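Here are my notes after a look through this one. Have the structure open while you read; the points go from the whole chain down to single residues.

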Amino acid sequence: MNAHDDIAQVELIMARARVAQKNYEFGATQGRYDRAAEAAAWAIMEPTRNQELAELAVKTTGLGNAPDKVTKNHRKTLGLMRDIKDVQTCGILSDDPDTGITEIARPLGVVGAVVPSTNPAATPANNIINALKCGNSIVVAPSPKGVACCEVLLEYIHAEFAKIGLDQDLVQMLPAPGSKAKTQAMMELADRVICTGSQNNVYRAQTCGTPAVAVGAGNVTSIVDETADLVAAAQKITASKIFDNATSCSSENSIIVVDAVYTDFVTALAAEGGALVTDEAAIVEKLWPDGHLNREVIAQDADKMIAALGMAKNVPSNTKFLAVETSGIGADNPLSGEKLSRVVAVYRARDYEDARSIAARILNYQGAGHSLGIHTSEDQRAIELGQQMPTCRVIVNQAHTFATGGSFTNGMPFSLSMGCGSWGGNSIDDNLHWKHFIQTTRIIREIAPRQPSLEDIFSDYWEASGQ
């Protein structure tokens with residue numbers, strides 16, 4: 001098939017999606033939208049299918065591990081369904097006689113979703129559920145490695161659709177093989193683009209001409225201050241770091257520890273399986289052998305990662321991840337950036353103020369806007385970080401990977417895509433969720449005049465400054 005035929009195929013898929021969406025919206029009820037979202041959710045959450053999708057994801061992408069992907073598929077989807085269960089996305093949302101305004105929920109139309117290989121089932125499912133809940137159709141563009149998993153996911157979704165009489169064309173994907181041209185055509189023909197993935201994909205989404213919601217890069221750093229519960233911090237950081245072999249954008253890439261507790265924290269980390277490595281150069285040489293991340297290390301199990309880094313004889317046999325001492329930050333110091341592996345950089349700060357300064361430098365180099373962690377007993381420090389740092393989220397005393405994208409023990413919306421605000425070049429600063437898949441029409445009626453006098457507005461100013 002030549003390039004022209006490829007584009008024609010995409011145009012046909014998008015045309016079918018548009019027809020299906022119009023039929024879905026026509027005469028819609030909240031119940032219809034809810035059933036569709038539930039169908040897509042059960043397609044991935046049913047235990048046998050969840051297990052198959054998790055195993056297929058690891059087999060075809062070579063990233064992460066199946067048990068953790070089973071947990072992720074279940075937990076993220078269950079949390080999302082909790083978040084949207086009683087949300088109204090159809091019909092009249094509000095009718096205010098004081099303003100004369102009636103708000104009506106309306107779908108966006110056809111959503112084009114670009115999704116990464118790190119979560120080839122969970123991220124598409126999240127986008128699909130949100131789209132259906134809000135009355136949209138959706139076309140997914142998986143990464144090349146994620147095609148097989150996405151195909152199976154859609155088979156399961158379509159099987160659930162058959163039970164409730166929904167059109168399969170509501171949920172489609174770009175056919176293999178994937179290409180930039182196909183994805184570009186999809187984005188240009190969609191009514192809204194949702195993009196999670198590489199910075200190249202994000203740039204293309206935000207310049208395609210279609211309104212886009214894209215998310216920035218992660219490079220999470222966590223501060224451990226002198227007031228922290230060191231054992232709890234070590235346990236949480238370890239659980240977070242090793243989950244799904246560090247595929248998450250919310251996985252800690254660096255830890256900044258104040259000098260007063262550095263030795264004790266390193267001991268606590270070792271007890272959890274975090275081996276301290278002082279030979280930074282040896283790790284950098286093996287982790288970036290040709291200037292690019294070593295594929296034998298990225299998102300691999302601990303034993304494979306340790307062997308690929310030549311560290312098998314240098315760390316304890318129960319090592320779960322490597323904590324590499326460093327002090328450098330910036331392009332000439334790759335350990336300060338995202339590593340997508342069971343490797344975390346460790347910085348030793350003189351005190352809390354120095355730790356905050358180091359964190360700011362790391363985020364300004366990479367990961368600005370995404371999130372920052374702190375383990376502390378001083379909540380005011382978290383407030384200060386929120387007021388001063390280039391970040392949209394400050395995660396306090398939690399396992400970062402599990403907290404950032406929504407948790408049953410915090411109030412964040414469940415999501416696999418985190419907006420990074422102006423710091424990360426994004427249009428949103430919150431977790432991608434159902435509100436980004438809907439729009440409203442307002443009916444505006446005339447009401448009695450509500451025009452203030454000049455005195456009503458300026459009296460305080462005149463009193464302070466004169467007229």
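Before anything else, a word on labels: helices and strands here are DSSP runs, numbered from the N terminus, with at least four residues (H or I) for a helix and at least two (E) for a strand. Keep in mind too that this is a predicted model.

1. Overall make-up. The protein chain has 16 helices and 15 strands. Its radius of gyration is 24 Å, close to the 23 Å from the globule rule for 467 residues, so the chain is as compact as a globular protein of that length. Along the principal axes, the C-alpha atoms fill a box of roughly 75 × 70 × 40 Å.

2. Of the 467 residues, 55% are buried. Among contacts with a separation of 6 or more, 71% are between residues 24 or more positions apart. The accessible surface comes to about 20,100 Å², and carbon and sulfur atoms account for 52% of that.

3. Strand S9. How many of the residues of strand S9 (residues 252-258) are buried? Seven of the seven are, so the strand is largely enclosed by the rest of the structure. The cut-off behind that is under 20% relative accessible area.

4. The neighbours of S9. Strand S8 (residues 220-224) pairs with S9 in the parallel sense over five bridges, and Val220 has Glu252 as its bridge partner in S9. Strand S12 (residues 343-349) also runs parallel to S9, joined to it by five bridges; here Ser254 is partnered by Ala345 in S12.

5. The crossover. S8, helix H9 (residues 230-242) and S9 form a right-handed β-α-β unit.

6. Most residues other than glycine have a negative phi, and most peptide bonds are trans. Three spots deserve a look with that in mind.

   - Asn245, in the loop between H9 and S9, has a positive phi of about 55° although it is not a glycine. Asn245 is buried, with a relative accessible area of 0%.
   - Leu340 sits in the loop between strand S11 (321-325) and S12. Leu340 has a positive phi too, about 45°, and is not a glycine either. With a relative accessible area of 26%, Leu340 is partly exposed.
   - Ala176 and Pro177 are joined by a cis peptide bond, with omega about -5°. Pro177 belongs to the loop between strand S5 (171-173) and helix H7 (180-189).

Methods:
Residues are numbered from 1 along each chain as its sequence is written. This is a predicted model: local features need pLDDT of at least 70, side-chain atom pairs count only at pLDDT 80 or more; totals for chains, interfaces and linings use all residues. Side-chain values use heavy atoms; hydrogens and water are left out. Buried means under 20% relative accessible area, exposed over 50%, partly exposed in between (1.4 Å probe, protein chains only). Two strands pair if DSSP finds at least two bridges between them. A crossover is right-handed if, with the strands pointing away from the viewer, the path from the first strand over the helix to the second runs clockwise. The radius of gyration is taken over C-alpha atoms; the globule rule is 2.2 Å times the number of residues to the power 0.38. Contact means heavy atoms within 4.5 Å. Accessible areas come from the Shrake-Rupley method with a 1.4 Å probe; for residues, only the protein chains shown count as cover.
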